[in-house]
Structures are given as structure tokens and as C-alpha cells.
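Please read this briefing alongside the sequence and the 3D view. The points are grouped by topic.

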Amino acid sequence: QQAVIGVTGLGVMGRNLARNFARHGYAVAVHNRTEAKTKALMEEFGHEGEFLPAGSAEAFVASLARPRKMVIMVQAGPATDAVIEEFAPLLEPGDILVDGGNAHYLDTRRRETALRDRGIHFVGAGISGGEQGALEGPSIMPGGTREAYESLGPILEDIAAKVDGVPCCAYVGPDGAGHFVKMVHNGIEYADMQLIAESYDLLRTGANLTPPQIAEVFRTWNTGRLDSYLIDITAEVLSHTDHATGEPFVDVVVDQAEQKGTGRWTVQTALDLGVPVTGIAEAVFARSISGHADMRAVARGLSGPSGAELGSSFADDVEQALYASKVVAYAQGFNQIQAGSAEYGWDIDLGAMATIWRGGCIIRARFLDRIRAAYETDARAATLLSDANFAAEVGAAQDSWRDVVVAATRAGIPVPGFASALSYYDALRAERLPAALVQGQRDFFGAHTYRRVDREGVYHTQWELPDRPEIRTDA
Ligand code: NBP
């Protein structure tokens with residue numbers, strides 16, 4: 001008896017992924033550096049399907065049917081390199097080595113190149129959905145060769161989440177494409193969470209609603225266009241009462257948000273690619289501000305506004321602002337995927353990415369169907385905001401959106417996500433941007449040159465001369 005697929009690294013994710021394979025009828029080889037975890041898996045869940053436990057890398061590889069397919073599910077970084085170094089020499093040309101961890105896409109590119117030279121298909125697969133998703137159906141974003149996907153893809157599609165019968169797994173593109181898309185997914189997750197958190201703050205601090213009341217507001221929103229996993233769990237968290245104190249749970253949690261780094265990678269990469277992902281950047285910085293207890297302690301006494309008048313439809317206005325800001329955040333994230341795809345020649349199908357995020361992952365939402373539809377209409381759209389449906393919805397939301405940002409500003413409630421999304425929208429809409437003045441300044445102090453609106457060419461004004469003559473520099 002040989003295994004169809006194997007999993008090494010039986011931590012939180014790997015163990016559930018292995019169980020998911022087994023529950024779908026695949027004979028699955030299981031291995032972990034510390035063998036106790038393999039034994040624990042067999043004892044607790046061995047009855048769920050056909051597991052082939054292995055005590056060594058050699059035994060594990062020997063139990064895999066050819067061409068071998070194995071998934072590494074260990075900590076990203078040096079641990080993943082160590083595991084690759086251990087297993088690669090045991091594999092043969094044509095075998096498929098999948099990294100299901102949260103690797104940086106540049107590491108995946110490096111590893112893919114190195115293994116390709118040895119004839120091994122290296123698949124960097126982003127896997128989202130956490131512990132529960134791994135067991136019950138994650139969203140899977142595999143990158144690598146098409147050839148590898150032909151035999152591996154059907155198995156991954158089988159264990160992935162399904163929405164309307166469609167698997168939340170599709171071939172993303174060569175080498176690092178899958179991990180790149182997973183990175184942007186996590187960045188969008190940061191932005192979405194920040195926007196929801198700002199909505200909560202507005203309803204709490206601005207409109208004086210209690211956490212259970214706000215939970216009800218979110219539950220109502222979740223029956224409409226904002227229907228999503230993140231809104232759903234937000235209502236759950238807000239309606240939870242702390243067992244020890246009887247206070248709302250959200251009030252006993254230290255207000256300093258942590259991060260594992262994928263949001264930061266998204267922003268760092270966006271800066272390198274020149275993609276303005278302002279929503280994701282604000283979300284990363286908002287977490288960073290929250291963690292600066294020292295600065296916050298000394299700044300707490302700084303003077304603030306006297307207060308603000310909130311309209312009676314404030315909660316509805318916040319819903320509009322949240323929706324519009326969310327459209328902006330997703331539009332920016334998809335632009336980043338577009339830019340990465342162009343930079344590395346990945347040819348990523350954006351509509352397919354929206355499709356595989358509809359289920360299994362943290363940002364799963366009804367809304368992604370609209371994004372899929374938008375890219376079906378125009379696969380190369382420069383921005384989702386120009387899609388007729390989104391343009392109409394955001395246009396209809398904008399008065400409320402502006403009112404909310406004004407009210408928040410007057411009340412002294414920080415809304416970096418809402419405000420930056422609105423500024424981004426206004427910047428894209430603008431007939432003329434003050435960037436023209438910035439070009440003038442750059443030419444003045446650094447002779448950086450500029451282009452003119454009325455004719456071709458690159459120009460410099462000789463600012464130091466009395467009559468400031470203009471010269472063409474590219475002629
Ligand atoms: P865990 O922390 O639960 O497990 C880590 C695993 O890595 C263990 O099996 C451990 O083996 C193994 N490992 C380490 Br650490 N260093 C190793 C080494 N040098 N050689 C061999 N094995 C090593 O991690 P997890 O939460 O299951 O995450 C696994 C991957 O999945 C990570 O890349 C993570 O970013 C990603 N991910 C996690 C989630 C999530 O919600 N948790 C979601 C999506 C993706 P040991 O038992 O011998 O220590």
C-alpha cells in the first residue's frame with residue numbers, strides 16, 4: 001500500500017490538512033520531526049481514513065506512490081529550507097514538493113529555481129482558512145509548473161472549500177505566484193479588519209452604542225452586501241461577555257494589535273512595485289500605532305475636539321462608508337496582483353483569484369462574486385472602481401462616506417482606513433492632481449525635468465536665469 005500524497009509537519013495546520021486528505025479517501029503518509037506528533041495524530045484520528053505514519057524522512061518518501069507528492073507544512077523561513085534540504089535528496093525527477101506554509105514569494109522563487117535544476121517540481125501553495133479551513137476545506141493558491149498542477153491540482157481541488165460547487169483552488173501561475181497571491185490576500189485581510197474595527201469605533205465612541213448593540217448592527221449588515229466571514233466573527237466577538245469580569249470581552253483585551261508580517265510584506269512589495277495599496281498600508285500602520293504604548297501614554301492628554309453631531313442615520317452611513325472603503329481596499333489589492341503578475345510574467349487570472357477566495361479563506365465574502373463578475377467583463381480593468389456596478393455603488397455611497405469621515409474627524413475618532421480610501425477615490429477621480437506642482441518643485445531644486453500637457457518631450461526650466469527659459473532635454 002502506497003500513499004497518494006504525504007504531509008510532513010504535523011502542527012496545527014499540517015495535521016488538519018492530512019486529516020482532510022484522509023477524509024477525502026486519499027491514502028496519506030504523515031511525518032513530523034518530533035515523532036510524538038505523528039503518534040498522537042494516529043491515536044486520535046487514525047480511524048478517520050488511511051494514514052501511513054513514518055518515523056523517518058526515508059520511510060516517508062518510500063511510502064509515497066510515484067511521481068511522489070508531498071506537502072511541507074512547517075514554519076516559514078529557515079525551517080522550510082531545512083526540511084527541503086532533508087527531503088530533496090530523497091526525491092527523483094518528476095516528483096512534486098509542495099510548500100503549504102506562509103513563505104515569502106521571493107523565497108519560493110529561489111527554491112523553485114534550485115529544485116527545477118534537480119528536476120523536482122516545487123509548488124508554493126498559499127493556504128488560507130486557519131486550522132478549521134485546513135480540516136474542512138481551505139482556499140488554496142498553488143503556484144508552480146502547469147505540469148505539476150495537472151496531477152496535483154485535482155487532489156487539492158478535492159479537499160478545498162466549495163462555493164456553488166466550484167472549488168476554492170485554481171492554478172495561480174509559475175514559481176512564486178501562489179505565495180504572492182496569498183500574501184496579498186493577507187494584506188487585504190488586514191485592510192478589511194481595520195475598516196471593520198473603525199466601524200466599531202465609530203458606533204461605540206461616536207454613537208455610544210454598547211458592544212452587544214453593535215454586534216446586532218453587524219449581524220444586520222451581514223444579511224446584505226457586506227455578508228462575510230469577518231463581519232460574522234466580529235459580531236461573535238462583540239457579543240461575547242468576559243467570564244471573569246462580566247464585562248464585554250472587547251473591553252478586557254489590551255488594545256495593541258499584533259502582526260506576523262504578511263501585511264508588512266504586502267506593503268513592502270507594493271512599494272517596490274509602485275502600487276498604491278493605501279488601505280493595507282494604513283491597516284499595518286494602525287496596528288503599529290496601537291502597539292506604541294510609550295507614545296500613546298505621553299500623548300493621551302493632548303487636547304481633542306469638543307465633540308460632533310451625528311445624524312440619526314449614522315449607522316447606515318457607516319455601512320455605506322465601510323462598503324465603499326472595502327471596495328477601494330480590494331481594488332488596490334487586485335492592482336497589486338496585477339502588478340506582480342506583470343513584473344514576473346505570471347499571467348494571473350484575476351477573476352479566478354476572486355473565485356477561489358469566495359470560500360475557505362478569512363476574507364471569504366459574498367462581495368467576491370461581484371469582483372469575479374467585474375473581471376469577467378474586463379479581465380484587464382485598470383481599476384475595479386471603474387467597473388459599472390462598483391462605480392454606481394460607490395458613487396451612491398459617497399455622501400454618507402464623506403459625512404462619516406467628517407463626523408469622525410470632528411469627534412476626534414481616528415479613521416485612517418476610511419479617510420485614506422476616500423482620498424484615494426478622490427485622487428483617482430480628480431481632473432488635475434497637485435502632482436504637477438510637485439514636478440515643478442522637483443525641476444526647481446533638482447533639474448528633474450517634467451513633461452508638458454500641450455506637446456511631446458521632456459523639459460527643464462532654467463530657474464536660475466532671470467527670464468527662466470525652458471529647454472527641451474530629450475531632443
Ligand atoms: P505549528 O507551529 O503548529 O507547527 C510547526 C511545525 O513545524 C511543527 O510540525 C514543527 O515540528 C515543524 N518544524 C519547525 Br517549527 N522547525 C522545523 C525544522 N527545522 N524541521 C522540521 N520541522 C520543523 O505551525 P502551523 O500553525 O501549523 O503553521 C505551519 C505553516 O502554515 C506556517 O508556515 C504558517 O505560517 C502556515 N499557516 C498557518 C496558518 C494558521 O492559521 N496557523 C494559516 C495559514 C498558513 P516539531 O513538532 O518537531 O516542532
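A polar side-chain atom of asparagine 32 lies 2.7 Å from an oxygen atom of the ligand, a polar contact (a pair of N or O atoms within 3.5 Å; within protein, one must be able to donate a hydrogen and the other to accept it, and residues adjacent in sequence count only if both atoms are side-chain atoms). This is a predicted model, in which local features need pLDDT of at least 70 and side-chain atom pairs count only at pLDDT 80 or more, while totals for chains, interfaces and linings use all residues. Residues are numbered from 1 along each chain as its sequence is written, and side-chain values use heavy atoms, with hydrogens and water left out.

**Ligand surroundings**

- For threonine 34, a polar side-chain atom is 2.4 Å from an oxygen atom of the ligand.
- Methionine 13 takes part through its backbone: a polar backbone atom lies 2.8 Å from an oxygen atom of the ligand.
- On its own the ligand has 920 Å² of accessible area, and the protein covers 75% of that (Shrake-Rupley method, 1.4 Å probe).
- The ligand is surrounded by 19 residues, and the closest are Met13, Asn32, Arg33, Thr34 and Lys37 (a residue is near if one of its heavy atoms lies within 4 Å).
- In this shell, nine residues are nonpolar, eight are polar and two are charged (Ala, Val, Leu, Ile, Met, Phe, Trp, Tyr, Cys and Pro count as nonpolar, Asp, Glu, Lys and Arg as charged, and the others, Gly among them, as polar).
- Helix H1 (12-23) and helix H4 (78-87) each give at least two residues to the shell (helices are DSSP runs of H or I with at least four residues, strands are runs of E with at least two, numbered from the N terminus).

**Salt bridges**

- Side chains of opposite charge can pair when their charged atoms come close.
- The count of salt bridges is 31 (a side-chain nitrogen of Lys or Arg within 4 Å of a carboxyl oxygen of Asp or Glu).
- One of them joins glutamate 48 and arginine 23, at 3.4 Å from N to O.
- This pair links distant parts of the chain, 25 residues apart: arginine 23 is in helix H1, and glutamate 48 is in the loop between helix H2 (35-45) and strand E3 (51-53).

**Backbone exceptions**

- Most residues other than glycine have a negative phi, and most peptide bonds are trans.
- Arginine 66 and proline 67 are joined by a cis peptide bond, with omega about -15 degrees.
- Proline 67 is in the loop between helix H3 (57-62) and strand E4 (69-72).
- Asparagine 208 is not a glycine, yet has a positive phi of about 60 degrees.
- The loop between helix H8 (177-206) and helix H9 (211-221) holds asparagine 208.
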